[in-house]
Amino acid sequence: MSKRNNTEAAVAVQPASENKKILLALSGILFSILLAALDQTVVSPAMPRIVEELQGFSLFAWVTTAYLLTSTATIPIAGKLGDMFGRKFLLIAAVVIFLLGSALSGAAPSMIWLVIFRGLQGIGAGALQANAFAEIAELFPDSAKRARWQGFIAAVFGLSSVIGPFLGGFITDNLQWRWVFYVNVPVGVLAVLALFLYLPHSSNTGQRKIDWWGAAAITGAVVSLLLALTWGGQKEPNGYPWVSPQILGLLAGTLVLAGLFIFIETKAAEPIVPLHLFKLGAVRSVAGISLGLGAALLGATLYIPLFVQVVQGQSASGSGAITTPLAIAMVIANIFTGQFIGRVGILRFPLFSGAIFSVAGMGLLTTLNVNSPIWEVTLYMIVLGLGIGQIMPTMTIVVQESVQRRDLGSGISTVQFFRSIGSTIGVAVIGTIVNNSYTANVNSTPGINALPPQLVAALQEPQNLINKQVASILPPNLIQDIREALSNAIHNGFLLGTIVMVVMLAVVFTVPAIRVKSDLKRKNLESAASTDVPGTAGSMPHRQIMEGAVDAGSLNLSAADGGAADGGSPASRNKTGSQRR
């Protein structure tokens, strides 16, 4: 009797121990995600002060663009490497690279060096994004549990948006802007320790043959596209006209390299982006949604702190705090969306609801002007946050439920790649529109030509309005006119973001009706299984196999396939699920 009790106690302790290890491993992934997400939000409030000290408003968008450029090019490559070699040490290396880029960015002596070091950060961030979410699918094979955790994990991005702006504004006002980069170090150290000690080694599923030619082609295409969009429409030496040989050459190079990449991927033994993924309607639709969401969100909201700090005259802390409502709304929507999917199993509803809120929120931002009260900005950010918070975790779950296990890393990184491409395009295009609009507006302001040439040159960079020396020698009415010039320029960026969000809403209608097995359905299956007679033709295990409803753990099936065997077809799974429904 005592022996049996000891055995039962040992069996009971083992799952608790395993759960503890999983949670500790998850903490390492969460710290990694927080690291990459925090870096984007903590820097924004400091950007006007950074540009004021280092000068070069023409490189304002490049501080973000360089980060996006390298992370975008890295995402698909790192995702495939994770599938081939396992993700543990790839994640650890990504964190180390990111921390190195952070330390160097904090020590940057000029804007150009800051841009370069931000690019190094982006390499680490891209590898983190590509593998962190795929590793989560490995840790939580059960679809409903993964959906619930996905909401909390997505909330980390929202949490970083709460902490980041406050932290960035506080550091900028009370210490020095360089510490907004150094603050990454303690978070990164915790991430490395947790990943090294507790994250299990994930098995590789592909041949260990790297597609170097594909990597080179996709990197070249991304760089060419970004340079064309960033330099296009600018005056020399900051850029070139859209019809100039330089811009046309870069666009042509983008098309050639993109076509070459597709050709290489059809021939590669282990392609970086398996093209058969795009045969899945879910992957195609989510890629389109990711592209639009990235372009509209980061491209437009990048200028919210600048609007609040320069147009409305708030401090760096105040401009950082203004993104808090959006972040809190995102966190709430992330958590509730994960819980909703885990309990109900429906994926399309949060996508539709989130897209509608996103269109409304971005549309409301276009109504802001120099006289808008702060509560309006707060309300509009909440609406936008509620929309984004529903879409982001749902997209990841859709892909996890659609691709086979061997394509898990590639599938998730492909969708993240499209979101990053969208962010890159959005920052470049919206940045070009805002910069050109502001320059045209300020140069046409009455009385501007009567100012000394040095002062006119200083006003070409709007963050100089918060410089007390500049502001003290400008007539009050001229300051108001210049603020309106910037407000109108940022309005154009919000308007383009709204148009993109409307297109994204249309794409949502193409998402297939995919469901995950909810908690309620699982309990019903377990209850029915306990009443069946084992070994008969009508037994539950037999019916589960026939209906495709076996729990992932009961047959050791793929986490990525949502309960389907490794070789099973996602299309057949969705079809079977529809028949059950």
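The side chain of Thr 70 has a polar atom 2.6 Å from the backbone oxygen of Gly 119. That counts as a polar contact (a pair of N or O atoms within 3.5 Å; within protein, one must be able to donate a hydrogen and the other to accept it, and residues adjacent in sequence count only if both atoms are side-chain atoms). Thr 70 sits in helix H3, residues 60–85. Helices here are DSSP runs (H or I, at least four residues), strands likewise (E, at least two), numbered from the N terminus. Beyond its neighbours within four places in sequence, Thr 70 is in contact with Arg 118, Gly 119, Gly 122 and Ile 123; contact means heavy atoms within 4.5 Å.

This is a predicted model, in which local features need pLDDT of at least 70 and side-chain atom pairs count only at pLDDT 80 or more, while totals for chains, interfaces and linings use all residues. Residues are numbered from 1 along each chain as its sequence is written, and side-chain values use heavy atoms, with hydrogens and water left out.

Now the whole chain. It has 23 helices and zero strands. Of its 581 residues, 55% are buried. Buried means under 20% relative accessible area, exposed over 50%, and partly exposed in between (1.4 Å probe, protein chains only). Among contacts with a separation of 6 or more, 82% join residues 24 or more positions apart.

Ile 50 belongs to helix H2, residues 47–54. Its relative accessibility is 0%, so Ile 50 counts as buried. Leaving aside neighbours within four places in sequence, Ile 50 is in contact with Gln 55, Met 111, Leu 114, Trp 177 and Phe 181. Phe 60 is 10 residues from Ile 50 in sequence, and their C-alpha atoms are 9.1 Å apart.

Helix H15 (residues 348–365) has 18 residues and reaches 26 Å from first C-alpha to last, close to the 26 Å expected at 1.5 Å a residue. The expected span is 1.5 Å times one less than the number of residues. Buried residues of H15 include Pro 350, Leu 351, Ser 358 and Leu 365. Helix H16 (residues 374–400) has 27 residues; its end C-alpha atoms are 40 Å apart, which agrees with the 39 Å it should span. Of those 27 residues, 21 are buried, so H16 is largely enclosed by the rest of the structure.
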